[in-house]
Amino acid sequence: MNKNALNIRPAASADYHAIATLLDRVLGKVQFEKRLKLWQWRNDSNPARIPEIPGFLVAERNGQIVGIHGLTPMRVKIGEHQFHAACSCDFAVNPTARSVGMKLKLKTLERDVSPLPISTSANEPANRITLALGGKELLTGRKRFINPLKASGFVRKAILNKIGLSAKFIIGICCVMFGKPLDSVLALIRKLKSYPNVTDSRILDIDRFDQRFDSLYEKISRRHPIMTVRDSSYLNWRYTDYPFKGIQSFALLRIDELLGFAVIHDAVDDFGLRFFAILELLAPVGENAVFENLLGEIIRRAENENADYIIAITSTAEWEKIFKKYGFRIRNSHFSTTTYKNNTDLPDELFSMESNWYVSLGDGDICYYY
């Protein structure tokens, strides 16, 4: 056997330290205990777990792990069918073995791993590799919505990008002169906006997702041919049982009738700016008042927590209009973070029609904040 041959195999728990070391080198250092906690939740506790989709595929050469590709099993509804998708995460290759990335990605896209390999967090190289190997991208994955609640943080971020931490005095002056007045203008604009009334409704925090959420998912899924199965089993795993802090879940109810719900994650970005990620904002299409009331509650909570901004994505044109109505702006990228490969026997046209998809930040690992 050629000692230099590349061996791609499922990872074992004994590989975890080597996997973490490579991730630290390529993607940035994270405490091993945090990584292990995330991996145990992502795979061991995942109700969609199946033997065909390993937690990691590793590429090994001369007994050394030179590439890794994490996979999260997700149940996805496609029309009347249901499949286990392998959602990409933790893709890293040793800089001295770059050609390994193509071979590793090729393996994750094979049908015997998953009938629907997907990614919600592809960077530009991962996007290019997937497309080169026959995958496709969703154009909606090129758009992200951001609602700047305060300008001062963005002023500070812009100066840091230009001249760094050495100019703390300049940063402080600019924030006082430009940022703070703009903060007041943004706050005033939000106060002038109103939300439509939903008769006899109330907001209620959610500790566990029950059968009412199963019924709401069944109703909503009829309008969206392709979406993650958002039943109570999935919702409790993804949000209630998530092993790190910051998630808030709440619903809009009329007596005991569930009208819609939202899930947000309170986090801090690399520049120290606090933000809220809208992981879910789920309401039946056409129920604009329900959607707007839930969005209003998100904005209110973000303001109360002194957040700098809110982020979201959507593949629903109706919701895009509402986001814009309440101050969200579109940030476009020249590549999509959302890619897929159709290994099913269903027609490619079903997947290529983007209006068939329902996606949110909660799908996949793009918002697995520590």
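Is Arg301 buried or exposed? I looked this up in what is a predicted model. Arg301 is buried, with a relative accessible area of 13%.

**Entry on helix H9.** I then examined the partner of Arg301. Its side chain meets that of Glu297 in a salt bridge, at 2.7 Å from N to O. Both residues belong to helix H9 and stand four residues apart, about one turn of the helix. Glu297 is likewise buried, with a relative accessible area of 10%.

**Entry on Glu292.** I recorded a salt bridge between the side chains of Glu292 and Lys325, at 3.1 Å from N to O. Glu292 lies in helix H9 and Lys325 in helix H10 (residues 317-325), so this pair ties together parts that are 33 residues apart in sequence. Glu292 counts as buried at 6% relative accessibility, whereas Lys325 counts as partly exposed at 45%.

**Entry on Asp308.** I noted a salt bridge between Asp308 and Lys150, with the closest N and O atoms 3.8 Å apart. Asp308 sits in the loop between helix H9 (288-304) and strand S13 (309-312), and Lys150 in the loop between strand S7 (143-148) and helix H5 (152-163); the two are 158 residues apart. Asp308 counts as buried, at 7% relative accessibility.

**Entry on the whole chain.** I counted 26 salt bridges in the structure. The protein chain has 11 helices and 15 strands. Its radius of gyration is 22 Å, close to the 21 Å that the globule rule gives for 370 residues, so the chain is as compact as a globular protein of that length. Of the 370 residues, 53% count as buried.

Note on methods:
Residues are numbered from 1 along each chain as its sequence is written. This is a predicted model: local features need pLDDT of at least 70, side-chain atom pairs count only at pLDDT 80 or more; totals for chains, interfaces and linings use all residues. Side-chain values use heavy atoms; hydrogens and water are left out. The radius of gyration is taken over C-alpha atoms; the globule rule is 2.2 Å times the number of residues to the power 0.38. Buried means under 20% relative accessible area, exposed over 50%, partly exposed in between (1.4 Å probe, protein chains only). A salt bridge is a side-chain nitrogen of Lys or Arg within 4 Å of a carboxyl oxygen of Asp or Glu.
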